[in-house]
Amino acid sequence: MKVHEYQAKEILKEFGVPVPKGSVAETIEQAISAGKELGNNCVLKAQIHAGGRGKGGGVKLAKSANEVKTYAQDLIGMNLVTHQTGPEGKKVKTILIEELKGIEKELYLGIVIDRATACPVIMASTEGGMDIEKVAAETPELIIKEFVHPMMGLQRFQLQNIVNKLQIPKEACKEAMSLLANLYKVFIEKDCSLAEINPLVITTDNRVLALDAKLNFDDGALYRHQDLIKLRDLDEEDPLEVEASNYGLNYIKLDGNVGCMVNGAGLAMATMDIIKLAGGSPANFLDVGGGATTEAIENAFNILLMDKNVKAVLINIFGGILRCDNLARGVVEATQKTNINLPIIIRLEGTNVEEGKEILKNSNLKFSVANSMAEAAELVTKAVN
């Protein structure tokens with residue numbers, strides 16, 4: 001789950017991470033008032049769940065009351081397009097208005113889970129304010145990494161190591177180490193999948209500030225954080241993904257035309273890969289889970305059909321907890337209820353697979369049953385073409 005920058009900064013502030021003074025505005029009047037409190041020397045930042053806002057025109061520096069008003073009028077309600085929103089962009093409903101600070105140096109700081117070591121890894125760089133992916137690709141030697149053992153926790157020598165490599169001025173070292181430690185505390189206690197400050201700045205008076213902030217949270221841990229669930233902005237999420245989550249389904253919208261219904265994330269990835277190899281293009285990732293009921297399959301069909309780009313459906317199921325015969329009954333019943341008239345290709349394997357195929361055969365519905373993933377991908381690609 002993602003949150004807005006201003007929400008992330010409120011959380012950071014609770015944990016002792018210094019952030020600029022500022023406030024949120026949803027109207028021009030609120031923006032004018034916020035600017036006045038900051039002496040009309042401020043930055044106005046569009047609040048959407050995407051990076052690259054500055055390059056897209058979503059960040060404005062104001063030096064007067066007139067500029068605050070003008071920029072607020074420009075930003076509130078605008079459709080902001082960045083490299084992360086796609087060409088459709090995102091509508092700006094809220095802006096963050098913050099004090100301007102004299103900046104001496106811009107740094108990067110982020111924490112994620114490293115899958116190879118199964119440990120949190122702190123990443124830092126002297127190249128703050130830039131796309132960290134570009135820095136990692138072009139100058140990987142500029143990325144500082146400290147792996148934190150989950151049982152040992154973050155050690156003081158690691159904080160000192162990061163601060164030294166970032167070449168932080170002596171006057172700001174103590175505050176920088178405190179900020180690092182507190183950011184790591186946020187990452188652990190709030191079950192983050194990402195905690196990022198870009199840029200982390202050293203000001204001209206040797207203060208350390210989180211000038212920007214991004215926090216993503218592990219969906220599987222949200223039951224422990226009712227306070228975080230309240231921060232969810234459904235308008236920033238794809239409507240079909242929101243609809244799927246209401247039924248306990250995992251759905252990710254893509255830009256192809258083959259609807260994919262699978263059980264298990266690994267099988268979903270393999271299914272999308274093999275569709276691409278066959279010359280097709282997946283329209284989504286839809287995981288019905290290991291214990292999908294007839295109702296869940298019906299809901300999955302309805303969600304697939306809401307995407308007008310879907311021209312055919314590939315159902316790829318490995319029967320384990322979800323037996324193939326139960327899946328087949330669910331597919332038949334759901335197809336009859338939804339009156340789906342798109343080509344449906346089904347590949348079943350696993351527990352009670354023969355019984356499942358027999359149910360599909362005797363349904364008198366127009367299913368194409370494949371004997372392998374490769375055959376299923378070829379059939380569905382042929383159907384959409």
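Analyst: A helix is a DSSP run of at least four residues and a strand a DSSP run of at least two, both numbered from the N terminus. The structure discussed here is a predicted model.

User: Where does Gln155 lie?

Analyst: Gln155 is in the loop that leads from strand E9 (143-147) to helix H5 (156-165).

User: Why is Gln155 called partly exposed?

Analyst: The relative accessible area of Gln155 is 28%. Buried requires under 20% and exposed over 50%, with partly exposed in between. Gln155 is therefore partly exposed.

User: What makes Asp191 buried, and where does Asp191 lie?

Analyst: Asp191 has a relative accessible area of 18%, and the cut-off for buried is under 20%, so Asp191 is buried. Asp191 belongs to the loop between helix H6 (170-189) and strand E10 (192-203).

User: Which residues is Asp191 in contact with, leaving aside its neighbours within four places in sequence?

Analyst: With those neighbours left aside, Asp191 is in contact with Val186, Phe217, Asp218, Ala221, Arg224 and His225. Contact here requires heavy atoms within 4.5 Å.

User: Why is strand E14 called largely enclosed?

Analyst: Five of the five residues in E14 (residues 258-262) are buried, so the strand is largely enclosed by the rest of the structure. Val258, Cys260 and Val262 point one way, Gly259 and Met261 point the other way, and all are buried.

User: How do you know that E14 pairs with strands E15 and E16?

Analyst: Pairing requires at least two bridges between two strands. E14 has five bridges to E16 (residues 312-319) and two to E15 (residues 284-287), so both strands pair with E14. Both pairings are parallel. Met261 stands opposite Ile315 in E16, and Val262 stands opposite Asp287 in E15.

User: What is the handedness of the crossover from E14 to E15?

Analyst: The chain passes from E14 through helix H9 (residues 265-277) to E15, and this β-α-β crossover is right-handed.

User: What makes Asp238 a cap of helix H8?

Analyst: A side-chain oxygen of Asp238 lies 2.8 Å from the backbone nitrogen of Leu240. The cut-off for a polar contact is 3.5 Å, and Asp238 thus caps the N-terminal end of H8 (residues 239-246).

User: Which residues of H8 are buried, and what covers them?

Analyst: Leu240, Val242 and Ala244 are buried in H8. Strand E13 (250-253) and helix H10 (294-306) are among the elements that cover the buried residues of H8. After H8 comes Gly248, whose phi is positive, near 75°.

Key: Residues are numbered from 1 along each chain as its sequence is written. This is a predicted model: local features need pLDDT of at least 70, side-chain atom pairs count only at pLDDT 80 or more; totals for chains, interfaces and linings use all residues. Side-chain values use heavy atoms; hydrogens and water are left out. Buried means under 20% relative accessible area, exposed over 50%, partly exposed in between (1.4 Å probe, protein chains only). A crossover is right-handed if, with the strands pointing away from the viewer, the path from the first strand over the helix to the second runs clockwise. A polar contact is a pair of N or O atoms within 3.5 Å; within protein, one must be able to donate a hydrogen and the other to accept it, and residues adjacent in sequence count only if both atoms are side-chain atoms.
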